[in-house]
Every structure is written in C-alpha cells, then in structure tokens.
Amino acid sequence: MRRAASVIALAFGLLGAACLVPGDDGVDSSEAAHTARAFTAENSPYSWTEQSYEDFRVSQANLGSTFDAPALADGTELQVRLQTWLDRIDAIVRPDVEKETGTPLHAPRPIAKVIHSNNTFNAWVSGTLACTGTPIGSSSAAPPPGSSAFLDFDYVVPATGAVCARPASWTASGFATFWNAARPTCSIRASETGFTIEKPACQVTEGAAPAADTMVIATSPYIQFSTDLVMHLDENAIALVAAHELGHYYMAHGTSVGRSKYNFWYALGDRQQTRPARAPNAAELEAAYKEVVSPAVSGFVPFGKKFSARLRPLLLAGVAPLLQERTEADFVCAAARDALGPWVTDALGTAPSPDARTAYEAFEKKLAACAPQLALGEAGSRALSAGQVLFAAGRARPGPKAKVSLSLGDTLASFLDRLDVKAKELDTKAARLVQRAKQNGFGLYTTEQAADDFAVELASKLGLTGEEILGGWVAFMEAADAVTSYGLTPEVFEDAMKQAGELTAKSCKTLLAADFTTTDASGHRIPMTMSLGRLEEPHHASCYRLFNMWREIRAHRYTPGPRQPELQPPWSVLREQAAQLTAMAAAPPAAAQP
C-alpha cells in the first residue's frame, strides 16, 4: 500500500503539469459558452463517481494527500446549512442540464463536508481514484492478479493496492470513447481482453502494464469547507464560495479530460458573451508560458534570502531527506540537517506561517554555508550521492525545459547555484510575460477562472445582485488578508503580497470603487487591466479575480433571480459555532488548494 501511495502521489502531482497545455486546436466545442445553459462541460457518467466518505479519504491518501483533519458529522447545523446552499444551486443546474442535453445530469448530488481545522482556510472539490474494471496492457501478456495501473493523458504508472471507487455504469468501450475524444497522448483501444495503449509517445513506467485493472481520476461528490474559512465569511460570501466549488464539480475540473480544456490565452474584452476563445497569437504566448511555468511551485509565495522559490521543492522535498539520512557526527552539513523539522511541510504549502518562513530561511543560510564543502559523487561525511541529487532535481526542476546535469567536480553548492541562475532567469521571463499580458490585454483561461465565471452566474440566479457578488469576494479577500498577515508587520505583509503579484483587499476595493480606472493629468478616466499574478497559480491574483467578476457582470448584465428565503438559525450563530470549533481544533497539515 505504501509503495502504491507514493507512486500514485507522483502521478497525481504530474497531473497538473500534464494538463497545463490545451489540446491541439484549443477548446472543445462542447464547452463553447459559459453563459446560461452551459453548466457542465461534459455530461458524461465517466466524469464523476460515488464513493463512501471513508473510502474517499483513503483514496486521497493514495493520491499523496497528507491532509487528515476530521469532518463534522452530517446533520450538524453547519453541515446542514452548507448542504442547503449546495442543494439550492443543484436545483438550478440539474433541470437546466437535462433540458438542454435531453439527458439527466450524471453528476451525483453534491455533499457538503465541514472540516474541523484551524489552519486550512479553504473550500475544495477533489478528484478520486476510480477503477474501470478493465485490464490494460498487451493482449499477448497476462496481467498479474490484483494488479492495477494509473492512466493519465501522458503516462501510465503502477497503482497496485490503492483504494478506488468502482462505478457500476462504466463500460470499457464507453470509457475508451470518452477518453479518446479528448485526444490524450495515451489513447486506448478497448477489446475483449481490455485496453491496449495505442500511441507510442505514451510513457509507460516499468511494471505498470500489463495490469488487471485501470485506474483514472473521477470527480468525488464531496464539497469540503473548513471551519476556519466559514468563521470569517458572511453568508453571501459563503454562497459565492459554494457556487465556485460547484463550478469545479459540474465541469469536472479535477479529471484529466476536464482540465484538458483549459490553460489557453485569450484576448480580454468588455463584451465577452461566450467562453473566451483562443487569441490569434495564442501559440506564441503558450510557447513562452510552457517555458516558464513550473507546476512544482504552483501557489508558492516567494520567500527566502538566497534561492528562487522555484528551488524550494528541490531543497525541501529532494535535498532535505538526503541530509536527514546522514547520521555521522562529523557530517559537514550537520547544522543544516539539524535545522530541519516539522516546519518543512508548512514551508512546502501555499501559505506558510511566519514561523515556517523564518525556519526555512535559517535552514537556507546553513545549507549555503556547508554546500561548498559537500561533494557530489564521492563517499564519506563530506559527500552526497550524485545520483540521488540528480534524480531529485529531475523531479523538481525549476522549469519544464530547464537542463539538469552534473559537471566534473561538482559540489552541492555549484550544482544548486547553476539551477538557481536558471530559476531566476525564468522568474524574470515569467514576470515579463505577466506584464505583457497586462499591457496587451491577454488573459490565461484556467479552471479557476471558469469556476469564478460559473459562480458569478449562479450567484445571480440565487438572487444576489452584482454589488452583493462583488462585495462577497471583497469580504473573502479581507478575510484572507487577515489570516495571511497574522504575525507579520504591515511592511512584511505588503512585501509578501507584492512578491506574489497581489494587492491587498483595501487597495483592490479602492480600484473597484473607481470602476478599475485611473485618472490622467487632464482629468480623463483611463480603463485599467489588472495583472493576473504569478503564472504558476491557476487561481490568478485575487484582485484580478475581482476585476474579472466585475467584467463578467458588466458584460452579461445578469438579472438577479428570485431572492432565496432566509434560513435559520441566523448566520451569525453559525459563524460563532465555526469560530468555537476552530479554536478547539488540532493543527493538521494544511490542505492543498483545489
């Protein structure tokens, strides 16, 4: 089981990288519009699966998640209230999809789960492992009994021992048709003996095939909200968050097929009536994007005194474990090794605590001091395995095309310094691409922006006005600022926000009040285009997201639907309950962003 978990964790980690590039012709016609009557991109039974919550949590562990905060029991007031909001949105989407497609919506009813946590501040939808029940490999070789393989767009890896859902309605031929329609590198052919991989470019890890079963990612029905998020938000903001997460859910963004439709460049326009279309120069922008984007650092806030944030995964997930294996008293990097601790998990997350940042910078300083004396490729207390370092760097390279190689006489310092030079070059190129997009009015259409678009439309149908929707997002930004700035001086917080390409909620609220315009010397108002933030972050910068919601509302002129009846108890009572639960919660590892 542990081996399967680690292998699938690698597979799931790479899933984000594989899906950063859209299909050859860009956008699937089945999602030609994101306005009314397009609430799901692909109403296919192969996009979703039902599963007990207990098995879902085990599946998450198999996918590499270390998140283990407990969920409140179903039927508690908080869970019931959040479920009510999910049901209200589902009641709009489900009949609409059936009316437009002539087929009932295949997505199961979404289920709210409230996570008892004091350091998560998140809501999310997750993919889960689903078994097709079909062997994969070669018709001439018998698969080992009980063996499984994980299939993604570009690769197949071993997955024996992992827990998976088994959708009863899935068939081998139906799944193959669904899968191949998205034109993956690993296309498959279904026959009486199972799936055969058709394209030689598909990367099949040794031992993956033949296998007796094929695993893929499907969308789970569980929509999770942490208590420390709920305690900070008013009910309008919670409704907006719920709609955003259901955008991910109904469009199956966690699946390989769902994600393959996104991450393309488009031209901004105030009257965008349909889902954005690829810009005429999208290929050029995508080539520049693929050079600089680094999935390994998705969501990272840059910090540290010496190395680019692009090297943090290598330092903490690659080099640090090698240092911890060394127990010699005279080990030359003993001080750096001893500086490691539980803070490493936090520092690898998307919103590290001030303590984790301080601890990382102390480790970085000690590593920089000893690395020149740590040879690569020799034995003894003044050396580190060259092969292990090279393998770790290959998995956490600073950019997709960054060269990772050893030179004669390399020390850990010379090896890291070469990578850091490349990483900082990529940082500069990424910043230039972000600025170019801002100046020339280009956007990068991600799953997160699609979910924001969905949220704006559904919140309108729930009866919220445009002002209430935008106010709900501002409230979220204010809460996020309060959480992320805790323990920081205003100057340090402002610098961290700047490094992440963000504006504070206060600054962004001022821009919203001015309709995202500036006034020139002659008093004329000039429209602004906001920066989308760091390219590795699919959520885009929070103020850019507010700017996009503002544009959506203006472009579509949404008319609010019937006002939803007020619910009891008052939301203030439930926020207080969430605050009390948060105060009593143990501190689990932080959840990854959805």
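## A first tour

The protein exposes about 25,000 Å², and carbon and sulfur atoms supply 54% of that area. What you have on screen is a predicted model. Its secondary structure comes to 20 helices and 14 strands. The protein has 594 residues, and 53% of them count as buried. If you take the contacts between residues at least 6 apart in sequence, 80% join residues at least 24 apart.

Let's begin with strand β3, which covers residues 148-151. Ser-148 and Phe-150 point one way from β3, Ala-149 and Leu-151 point the other way, and all are buried. Which strands does β3 pair with? One partner is β8 (residues 213-226), joined in the parallel sense over 3 bridges. Within that pairing, Ala-149 has Thr-214 as its bridge partner. Another partner is β4 (residues 155-158), which runs antiparallel to β3, again with 3 bridges. Here Phe-150 is bridged to Val-157. β3 and β4 also make a hairpin, with 3 residues between them.

Is Thr-134 buried or exposed? It is buried, because its relative accessible area is 8% and the cut-off for buried is under 20%. Leaving aside neighbours within four places in sequence, Thr-134 is in contact with Ala-172, Gly-194, Phe-195, Ala-212, Asp-213 and Thr-214. Thr-214 has already come up as the bridge partner of Ala-149.

Now for a pair of helices. α6 (residues 235-250) packs against α16 (residues 466-484) at an angle of about 90 degrees, and their axes are 8 Å apart. That makes α6 roughly perpendicular to α16. On the α6 side, the residues that meet α16 are Asn-236, Ala-237, Leu-240 and Val-241. On the α16 side they are Glu-468, Ile-469, Gly-472, Trp-473, Ala-475 and Phe-476. Sorted by class, this contact has 7 nonpolar, 2 polar and 1 charged residues.

With a relative accessible area of 22%, Ser-531 is partly exposed. Beyond its neighbours within four places in sequence, Ser-531 is in contact with Val-434, Lys-438, Ala-541 and Tyr-544.

Most residues other than glycine have a negative phi, and most peptide bonds are trans. Here are some places that go the other way:

| Where | Feature | Value |
|---|---|---|
| Ala-209 to Pro-210 | cis peptide bond | omega about 10 degrees |
| Gln-568 to Pro-569 | cis peptide bond | omega near 0 degrees |
| Asp-515 | positive phi | phi near 55 degrees |
| Arg-557 | positive phi | phi near 50 degrees |

Where do these residues lie? Pro-210 is in the loop between β7 (203-204) and β8. Pro-569 lies in the loop between α19 and α20 (571-584), and Arg-557 has its place in the loop between α19 and α20 as well. Asp-515 is in the loop between α18 (505-513) and β13 (517-519). Asp-515 counts as partly exposed at 33% relative accessibility, while Arg-557 counts as exposed at 57%.

Terms used: Residues numbered from 1 in each chain as written. Predicted model: local features only at pLDDT ≥ 70, side-chain atom pairs only at ≥ 80, totals over all residues. Heavy atoms only, no water. Buried < 20%, exposed > 50% of the residue type's maximum accessible area, 1.4 Å probe, protein only. Helix = DSSP H or I, 4+ residues; strand = E, 2+ residues; numbered from the N terminus. Pairing = 2+ DSSP bridges. Contact = heavy atoms within 4.5 Å. Areas by Shrake-Rupley, 256 points an atom, 1.4 Å probe, with all protein chains shown as cover. Axes fitted to C-alpha atoms, helices over the stretch in contact; angles between N-to-C directions. Parallel < 35°, antiparallel > 145°, perpendicular 65-115°, else oblique. Nonpolar A, V, L, I, M, F, W, Y, C, P; charged D, E, K, R; others polar.
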